[in-house]
Amino acid sequence: KVVVASVRTAVVATKDLPPILQITGSVKAQNEVQVLPKSPGRVTQVRVDVGSVVKASDVLATVEAVDMALRVKQADAQVQAAKAGLESAKVQQGGALRSFERAKNLHDKGSLSQSDFEQAENGHKMADVGVMGAEAQVALAEANLAITQKMFDDTRITSPIAGVVTK
């Protein structure tokens, strides 16, 4: 026994679909980040609004930074002063080395007293220590500059991820 089914046919036509689609539900962000300033202070500028699309590292706002900018200049000046002190210590070290070498030659020939020789030797050692101290001052000043620069950079509040500002 053969079963025959009845079917309806229609003519194919092109037509526009309505642009509105209503769906009920809730949407949750894949990533959500609360952005807070790293440095205390008064917010002087907000560069985005709710709904703004941002990329990672975009500046969202800035915190008052005038005094921090001055501290960076001060720390930079301290680095320059420490470097000048190091150069001065190196010049003194060179002079002390030459004096020591002259004193050693004279002492070896018996033309210089032991006391004067020891004084030249100690001057040379002190000049070496002076250079080491000046190098440490440069390192300290450079570290202080790096810390101060980081604090200044932290006055710019940036987005850690790409996304849309919601609050």
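These legends accompany close-up views of one predicted model.

Local features here need pLDDT of at least 70, side-chain atom pairs count only at pLDDT 80 or more, and totals for chains, interfaces and linings use all residues. Residues are numbered from 1 along each chain as its sequence is written, and side-chain values use heavy atoms, with hydrogens and water left out.

Figure 1. The chain holds 2 helices and 5 strands. Both kinds of element are DSSP runs, numbered from the N terminus: helices are H or I with at least four residues, strands are E with at least two. Their order is β-β-β-α-α-β-β. The radius of gyration, taken over C-alpha atoms, is 37 Å, well over the 15 Å that the globule rule gives for 167 residues, so the chain is more spread out than a compact globule. That rule is 2.2 Å times the number of residues to the power 0.38. The C-alpha trace spans about 135 × 55 × 25 Å along its principal axes.

**Figure 2. Surface and contacts of the chain.** Of the 167 residues, 20% are buried. Buried means under 20% relative accessible area, exposed over 50%, and partly exposed in between (1.4 Å probe, protein chains only). Among contacts with a separation of 6 or more, 74% come from residues 24 or more positions apart. A contact is a case of heavy atoms within 4.5 Å.

**Figure 3. An open sheet of 3 strands.** The strand order is β1-β3-β4, with antiparallel pairing. Two strands pair if DSSP finds at least two bridges between them. β1 (43-46) and β4 (156-158) stand at the edges; each has a single partner strand, so one side of each lacks a neighbour in the sheet. From one strand to the next, the twist averages 25 degrees. Axes for such angles are lines fitted to C-alpha atoms, for helices over the stretch in contact, and angles run from 0 to 180 degrees between N-to-C directions. Strands of a sheet pair through backbone hydrogen bonds.

**Figure 4. Strand β3 and its partners.** β3 covers residues 59-63 and is joined to β1 by 3 bridges. On that side, V43 stands opposite V63, and V46 stands opposite A61. Another 3 bridges join β3 to β4, again antiparallel. There, T62 has R156 in β4 as its bridge partner. In β3, 4 of the 5 residues are buried, so the strand is largely enclosed by the rest of the structure.

Figure 5. A search of the whole structure finds 1 aromatic pair. The ring centres of F100 and F117 are 5.7 Å apart and the planes stand at 35 degrees, so the pair is tilted. Rings of Phe, Tyr and Trp (its six-membered ring) pair if their centres lie within 6.5 Å; planes under 30 degrees apart count as stacked, over 60 as edge-to-face and the rest as tilted. F100 sits in helix α1 (residues 66-108) and F117 in helix α2 (residues 114-153), 17 residues apart. Both F100 and F117 are buried.

**Figure 6. E118 in helix α2**. E118 is partly exposed, at 37% relative accessible area. E118 and A103 lie 15 residues apart in sequence and 8.9 Å apart in space, C-alpha to C-alpha.
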